[in-house]
Amino acid sequence: MAGEVPGSGAQLPYFTWGDVQQRSTRAERWLVIHRKVYDITRFCHKHPGGSRVISHYAGQDATDPFTAFHIDKEFVQNHMKCLLIGELAPGEPCVEPSKSAALVEDFRTLRSNVEKMGLLKPNKLFFFGVLLHILLIDSLAWLNLYYFGPSLIPFLITALLLGTVQAQAGWLQHDFGHLSVFSKSRWNHWVHKFVIGQLKGAPASWWNHLHFQHHAKPNCFRKDPDINMHPLFFALGKKLSVELGVKKKKYMPYNHQHKYFFLLGPPALIPLYFQWYIFYFAVQRKQWADLAWMISFYVRFCMTYIPLIGIGGTITLFVLVRFLESNWFVWVTQMNHIPMHIDYDENKEWLSAQLQATCNVDKSFFNDWFSGHLNFQIEHHLFPTMPRHNYSKVAPLVRSLCKKYGIDYQSKPLFTAFADIVDSLRESGELWLDAYLHK
């Protein structure tokens, strides 16, 4: 017998996985969560996380990403009742036929155990301490110039301190953006707007739009925006590099990308691209609240430093801070992903998809602080709402599950991770050149 439509007394129709997989076009989009079939064709444009992140799972089982991204699941599921159109037929497996049911079940058991262990519950004092140390460094940056004057050495020290503030505030806004600090989504969203807007001068809506797509389908070409923007400058991954070569695409001399990465990557991303694009994004999407928060950052920065070093000195300081922040940001964020597997969406199990696209950097006090605990990238991708101070606690459990299924769990020293970025760019550039010349 078919299931009952909530609140109507009518019966839900049954569907097969084949029925769902056919609904992955712009005209019709279905997905499955806990065996229930939902039509998101119209809703995707109203989805709070953006239309793309939910559409990336059209035609697929979205149970694990749904569980991973939401902290108030009952509230969300109540609002999804109007999208419910059916359920999987009794004879259909719990997971898609192409996936390992045992692996999926074991990971969901691990997720349940993690919740029972309290590893998804934040220590608010930890995050208060993170915020406090950011504000302290910010104050020291101003005091340094105030007491020692605008000569070269104090100026450079202040720039270094402010670059540290920007990097650390970036990791903190990431915590709030992932709903890792408070038990209510709206509280995280409110503070997120303050941290990324007032402390960094960027829009929360822009970060949400891009970053959750990356988490939903990491290193998946056409679905991960971090990968989509690269072909203009870099050929990434073995398969896509060969594909560019076969198609005779040469936007850049990719065989030299491991060299020009040092010019177009770490130093340039934030000052030359993000800096203008964030304003374009906020205005184009009419995110006026985000824009107001952003402007408050620039007003505060000018009011703080123009009296000390004048307009020209303040502009120079700002550019230097963005340069330092950009280098810090790019090396940390790319060390976990660029050297890993990059391909089109293969619709793998949540554990497999995240592990093939991410790697860890070894734990140490410095590495944890320097990367905002994103050296535990594997654990962060598997449990994106988990507070970062618990990553090291769940890591042995994840490693054990990976060992059981023969899944590669990579953890490496910090500078090895940096070197692997360059090595992977060199390798994919050589593959592109060979395909470009000979295929």
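Q: Hi! Quick one to start: is Lys286 buried or exposed?
A: Lys286 is exposed, with a relative accessible area of 60%. Here buried means under 20% relative accessible area, exposed means over 50%, and partly exposed is in between (1.4 Å probe, protein chains only).

Q: Thanks! And what kind of model is this?
A: It is a predicted model, where local features need pLDDT of at least 70 and side-chain atom pairs count only at pLDDT 80 or more, while totals for chains, interfaces and linings use all residues. Residues are numbered from 1 along each chain as its sequence is written, and side-chain values use heavy atoms, with hydrogens and water left out.

Q: Back to Lys286, then: where does it lie?
A: Lys286 sits in the loop between α13 (269-284) and α14. Helices are DSSP runs (H or I, at least four residues), numbered from the N terminus.

Q: What is phi like there, at Lys286?
A: Lys286 has a phi near 55°, a positive value in a residue other than glycine.

Q: And what about phi of Arg222?
A: Phi is positive at Arg222 too, near 75°, and Arg222 is not a glycine. Arg222 belongs to the loop between α9 and α10, and it is exposed, at 58% relative accessible area.

Q: Switching to charges: how many salt bridges does a search of the whole structure find?
A: The search gives 20 salt bridges. The criterion is a side-chain nitrogen of Lys or Arg within 4 Å of a carboxyl oxygen of Asp or Glu.

Q: Which residue does Asp345 pair with?
A: Asp345 forms a salt bridge with Lys223, and their closest N and O atoms are 2.8 Å apart. Asp345 is in the loop between α14 (288-334) and α15 (350-357), and Lys223 is in the loop between α9 (204-216) and α10 (225-228), so the pair ties together parts that are 122 residues apart in sequence. Asp345 is partly exposed at 24%, whereas Lys223 is buried at 18%.

Q: Nice. Which residue does Lys363 bridge to?
A: To Asp368, with the closest N and O atoms 2.8 Å apart. Lys363 is exposed, at 53%, but Asp368 is buried, at 5%.

Q: Which residues are linked in a network of salt bridges?
A: Asp61, Asp64 and Arg108 form such a network.

Q: New topic: which residues of helix α11 are buried?
A: In α11 (residues 238-246), the buried ones are Leu240, Ser241, Leu244 and Gly245. Seen down the axis of α11, they fall within an arc of 140°, so they line one face of the helix. That arc is taken from the directions from the helix axis to the C-beta atoms.

Q: What do those buried residues of α11 pack against?
A: Their partner is α19 (414-438), with contact meaning heavy atoms within 4.5 Å.

Q: Last one: which residues form the nonpolar patch on the surface?
A: Leu136, Leu140, Leu143, Tyr146, Tyr147 and Phe148 make up the patch, with about 680 Å² of accessible area together. Patches are made of residues with over 30% relative accessible area and no salt bridge; like charges are joined within 9 Å and nonpolar side chains (Val, Leu, Ile, Met, Phe, Trp, Tyr) within 5 Å. The areas come from the Shrake-Rupley method with a 1.4 Å probe, and for residues only the protein chains shown count as cover.

Q: And where is the place of Tyr146?
A: Tyr146 is in helix α6 (residues 124-148), and at 47% relative accessibility it counts as partly exposed.

Terms used: Helices (H or I, at least four residues) and strands (E, at least two) are DSSP runs, numbered from the N terminus.
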